[in-house]
Amino acid sequence: MSEFVIETQNLTKRYSDVVAVDHLNLQIRAGEIFGILGPNGSGKTTTILMLLGLTEPTEGWARVLGFDPMRQPLEVKSRVGYLPDQVGFYDELTARENLAYIAKLNGVARPVAHRRITEALERMGLAEVADRRVGTFSRGMRQRLGVAEILLKHPQVIILDEPTLGLDPEAAHEFLEIIRAFKQEKITVLLASHLLHQVQAVCDRVGLFSQGKMVLEGTVAELARQVLGGAYRVHVRAVGSNVSEALRKIPGAVRVHKLDGDLYQVEAQEDLRAAAARAAVQAGAQLLALGLEEPSLDEIYQRYFQGVTAHETQS
Amino acid sequence: MRPSREGSPWRGVWVVVAKEMADHLTSVRMGILELVVLLTAAVTIYLALQNLSSSSDAFLFLRLFTTMPSDSPIPAFVGFLGFLVPLIAIALGFDAVNGEFHRRTLSRVLAQPIYRDALLFGKFLGGLCTLALVLTAIWLMIIGLGLFRLGVPPTGEEVARGLLFLLATIAYGGVWLGIALVFSIQFRQPATAALAAIAVWLFFMVFWGMIVDLVAQVLIRDELRQLELKLFLARLSPNTLYTEVIFAVLNPAVRAFGPLLPIQFIQLQGWGVPTPLPLSQSLLLIWPQLTGLIAATIVLFAISYVLFQRQEIRA
């Protein structure tokens with residue numbers, strides 16, 4: 001098996017005249033949390049369906065855990081847990097019955113299934129409502145039941161499609177904790193979302209999707225460097241006459257803005273806090289505060305798509 | 001050339017069958033239909049018994065299904081089955097696939113290690129088994145009631161003919177289940193699928209006969225050939241096939257189908273019939289009709305299979 005848990009090469013899906021996924025090359029290592037990021041309709045779900053063998057690629061290939069989803073979908077699907085967006089259950093059955101059906105479809109023996117179901121429900125905090133009909137569940141509970149179902153399979157890879165969509169902030173936060181816990185268990189996670197700060201909060205690496213292509217890929221810091229120019233932003237609050245001049249002269253400073261009054265922002269490719277402090281003091285200014293702002297995916301995202309649109313209007 | 005798939009398409013079939021049967025048998029919808037069938041059976045058999053007790057007949061038990069007092073406003077039990085069985089089958093199948101879409105459970109279930117084939121076949125088989133179970137139960141009840149009230153045991157031939165009648169009824173139900181399944185895949189809304197299936201049912205129940213008469217009269221002047229054409233066209237309807245099968249099976253005196261059919265209708269209720277045919281000869285008579293029903297079921301399932309394989313999973 002190669003070092004990559006999920007790998008695709010020129011993976012392409014065309015629907016008559018629309019290209020949903022366009023020559024996608026994706027490589028995800030074991031134990032990684034990878035975020036697929038992109039606006040609606042950028043090919044995230046289609047990619048996931050191809051990885052699971054639920055949709056046939058027009059071109060290219062994919063490997064999941066070394067298996068070909070087209071030829072060996074059963075092997076793939078027995079090792080991969082998938083939580084679709086807008087997860088649905090059989091409302092007239094109880095939580096436990098719903099999970100029992102999935103366990104049977106996975107060929108888990110009855111006593112083992114019973115133990116695993118109880119474990120999974122407890123872990124997701126659903127033990128008390130295990131014998132209630134799913135029809136009475138809230139959206140957050142359904143989502144957690146979806147994760148319980150995934151845990152039941154003891155998967156090596158977990159694919160989550162918009163898992164926090166429609167959850168209230170607290171439930172969403174809990175959900176992110178659950179995802180972080182997967183990392184401790186060395187489970188590889190593929191997370192598709194358009195909620196940027198959540199992706200940033202849990203993902204090791206992200207891939208930015210646009211119109212079926214993965215246009216950017218890397219850690220958040222790497223993306224920031226590519227898109228924003230500077231990955232680090234040092235905020236300097238100093239009172240003095242020519243602070244701006246002095247800050248500009250620091251080697252490594254990409255850009256300096258005066259934000260308001262005596263607050264300056266230095267964009268740089270590394271942490272320049274020490275150098276900025278020195279420069280400000282040497283320029284004879286009174287240094288009042290010094291801070292480092294990490295770039296947000298939000299900004300990267302917006303800046304990137306602004307750039308793309310600007311470029312398109314030019315051409 | 002598509003690469004071949006690995007793994008059995010049968011995996012999970014019985015899990016799906018068990019789940020479908022459990023769903024059907026506990027659903028309110030089935031409860032109502034069972035009640036209707038039960039009521040029909042009780043009333044028709046009661047009337048038949050009142051009519052039978054005075055007469056002596058070699059095939060007393062078979063008369064249970066077909067006899068009615070001559071002044072009765074309602075048809076015999078078999079007459080009811082002709083339109084009740086399609087209704088039950090449609091009720092079992094119209095939301096088989098689109099119901100899963102609707103509840104958003106389809107992608108979750110197909111993400112388990114089973115093929116689509118297993119889901120579809122399991123759903124079909126689950127419906128058919130439910131139908132068979134209900135019909136067999138009612139059949140046994142009627143036989144039991146007959147034993148109790150008539151006081152004579154059925155002969156071996158009567159039992160064999162009764163079983164054949166049961167088999168034909170299940171095959172007839174299979175055709176309608178197939179139609180419902182095709183619509184449940186073709187239409188995303190369960191209500192649309194149900195209406196479409198009921199429209200087909202009405203078409204064959206009410207309008208097909210008229211259309212056949214009209215077409216035959218317009219196309220051919222020669223009376224005998226006109227009758228032949230009518231018979232050919234009428235047999236395209238599963239209702240005609242089923243009616244012919246149960247006529248011949250339950251009434252050993254029926255020697256041929258064809259332009260004489262209306263006369264035999266009278267024979268079915270009347271007496272003075274020449275020597276009855278042995279079972280093997282009756283079987284030979286209905287063989288084309290019976291295989292026709294089974295073949296139609298298989299063809300309809302094949303159509304639904306192709307439709308389902310081509311369908312995109314994402315909602």
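This is a predicted model: local features need pLDDT of at least 70, side-chain atom pairs count only at pLDDT 80 or more; totals for chains, interfaces and linings use all residues.
How many of the residues of helix α1 (residues 44-51) of chain A are buried?

1. Helix α1 of chain A. Eight of the eight residues are buried, so the helix is largely enclosed by the rest of the structure. The residues concerned are Lys44(A), Thr45(A), Thr46(A), Thr47(A), Ile48(A), Leu49(A), Met50(A) and Leu51(A). Just after α1(A) comes Gly53(A), with a positive phi of about 75°.

2. Helix α8 of chain A. Within residues 220-228, the buried positions include Val220(A), Leu223(A), Ala224(A) and Val227(A). Viewed down the axis of α8(A), the buried residues fall within an arc of 105°, so they line one face of the helix.

3. Chain A overall. The chain has eleven helices and 13 strands. Of its 315 residues, 42% are buried. Contacts between residues at least 6 apart in sequence join residues at least 24 apart in 67% of cases. Along the principal axes, the C-alpha atoms fill a box of roughly 75 × 45 × 35 Å.

4. A helix pair in chain B. Two packed helices are described by the angle between their axes and the distance between the axes. For α4(B) (residues 77-93) and α7(B) (residues 116-150), the angle is about 145° and the axes are 10 Å apart. The crossing is right-handed.

5. Residues at that contact. From α4(B), Ile88(B), Ala89(B), Leu92(B) and Gly93(B) meet Gly127(B), Thr130(B) and Leu131(B) of α7(B). By class, this contact of α4(B) with α7(B) has four nonpolar and three polar residues, and no charged ones.

Note on methods:
Residues are numbered from 1 along each chain as its sequence is written. Chains are lettered from A and ligands numbered from 1 in the order in which they are written. A residue is buried if 20 or more other C-beta atoms lie within 10 Å of its own, exposed if 12 or fewer, and partly exposed in between; C-beta atoms are placed from the backbone. Helices (H or I, at least four residues) and strands (E, at least two) are DSSP runs, numbered from the N terminus. The arc is that of the directions from the helix axis to the C-beta atoms. Axes are lines fitted to C-alpha atoms, for helices over the stretch in contact, and angles run from 0 to 180 degrees between N-to-C directions. A crossing is left-handed if the near helix is turned anticlockwise from the far one by less than a right angle, and right-handed if clockwise. Two residues are in contact if their C-beta atoms, placed from the backbone, lie within 7 Å. Ala, Val, Leu, Ile, Met, Phe, Trp, Tyr, Cys and Pro count as nonpolar, Asp, Glu, Lys and Arg as charged, and the others, Gly among them, as polar.
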